[in-house]
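Please look through the sequence and the structure before reading the points below.

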Amino acid sequence: AEGVETDPAVVAQCRARGLTVTEGNLESAAFPSDTFDAIALKHVIEHVPNPGGLLKECRRILKPGGRVVILTPNLVSAGHRALAAHWLGLEVPRHLVVFNRGALVGLANRAGLRLLEARSSSRPSSFIWVISDTLRRQDQNAYFVPASKMVRLRAALFAAGVWLRLLWNADAGDELMVVLTK
């Protein structure tokens, strides 16, 4: 297993723990073609200025039959509809692009990757509600404000509601998971 990270401090911490990490981005890492069996982009693609280029690089370094797994915020989620501009998935200016399923799958296809699976999930919905609701009500960086019991209860109820919506609306979840192959 290898990692790629842009933050030099994080790279140093990883290396101190014996992990193999390249500083930079995937393109600058210059891995040989057909190197990896799997590539995980867990909440990465929304942070890069050229997501299409990232997916093309993934295709180049992926072995035939290998898989790319992407987790990213879902633009058409129930959370985005409920929390609007305060929805954590927008996270301006850190999130440069936020996708819906069709846009991400289309981008992957143009990069030469084939879809194996695409779905949304309510997995992060409670966390997203806590952060987003605090931002909406208190207009402060909600990562550093402790959530009250009432906010945590509302978050749990919201996440349960998103989970139920997923029974009839596959795009209701706050997080997209897309699995691709070369």
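The points that follow are grouped by topic.

The model is predicted, so local features need pLDDT of at least 70 and side-chain atom pairs count only at pLDDT 80 or more, while totals for chains, interfaces and linings use all residues. Residues are numbered from 1 along each chain as its sequence is written, and side-chain values use heavy atoms, with hydrogens and water left out.

**Salt bridges**

- A salt bridge is a side-chain nitrogen of Lys or Arg within 4 Å of a carboxyl oxygen of Asp or Glu; by this rule the count comes to nine salt bridges.
- One of them joins Asp37 to Lys63, with the closest N and O atoms 3.5 Å apart.
- Asp37 lies in strand 3 (residues 36-42) and Lys63 in strand 4 (residues 62-73), so this pair ties together parts that are 26 residues apart in sequence. Helices (H or I, at least four residues) and strands (E, at least two) are DSSP runs, numbered from the N terminus.
- Asp37 counts as exposed, at 53% relative accessibility, and Lys63 counts as partly exposed, at 32%. In these terms, buried means under 20% relative accessible area, exposed over 50%, and partly exposed in between (1.4 Å probe, protein chains only).
- Glu91 and Arg94 also meet through their side chains in a salt bridge, at 2.7 Å from N to O. Glu91 counts as buried, with 18% relative accessibility, whereas Arg94 is partly exposed at 47%.
- Asp171 forms a salt bridge with Arg101, and the closest N and O atoms are 2.7 Å apart. This pair links distant parts of the chain, 70 residues apart: Asp171 is in the loop between helix 7 (149-165) and strand 6 (175-181), and Arg101 is in helix 5 (residues 101-110).
- Asp171 is partly exposed, at 24% relative accessibility.
- A network of salt bridges links Asp133, Arg136 and Arg137.

**Helix 6 and helix 7**

- Two packed helices are described by the angle between their axes and the distance between the axes.
- The axes of helix 6 (residues 125-138) and helix 7 come within 8 Å and cross at roughly 130°. Axes are lines fitted to C-alpha atoms, for helices over the stretch in contact, and angles run from 0 to 180 degrees between N-to-C directions.
- That angle makes helix 6 oblique to helix 7; angles under 35 degrees count as roughly parallel, over 145 as roughly antiparallel, 65 to 115 as roughly perpendicular and the rest as oblique.
- The contact (heavy atoms within 4.5 Å) includes Trp129, Val130 and Asp133 of helix 6, and Phe158 and Val162 are among the residues of helix 7.

**Helix 3**

- The axes of helix 3 (residues 51-61) and helix 5 come within 9 Å and cross at roughly 50°, which means that helix 3 is oblique to helix 5.
- Pro51, Gly52, Leu55 and Lys56 of helix 3 meet Leu107, Ala108 and Arg110 of helix 5.
- Helix 3 is mostly covered, with eight of its 11 residues buried. Among the buried residues of helix 3 are Leu54, Leu55, Cys58 and Ile61.
- The cover over the buried residues of helix 3 includes helix 2 (26-29), strand 3, strand 4 and helix 5.
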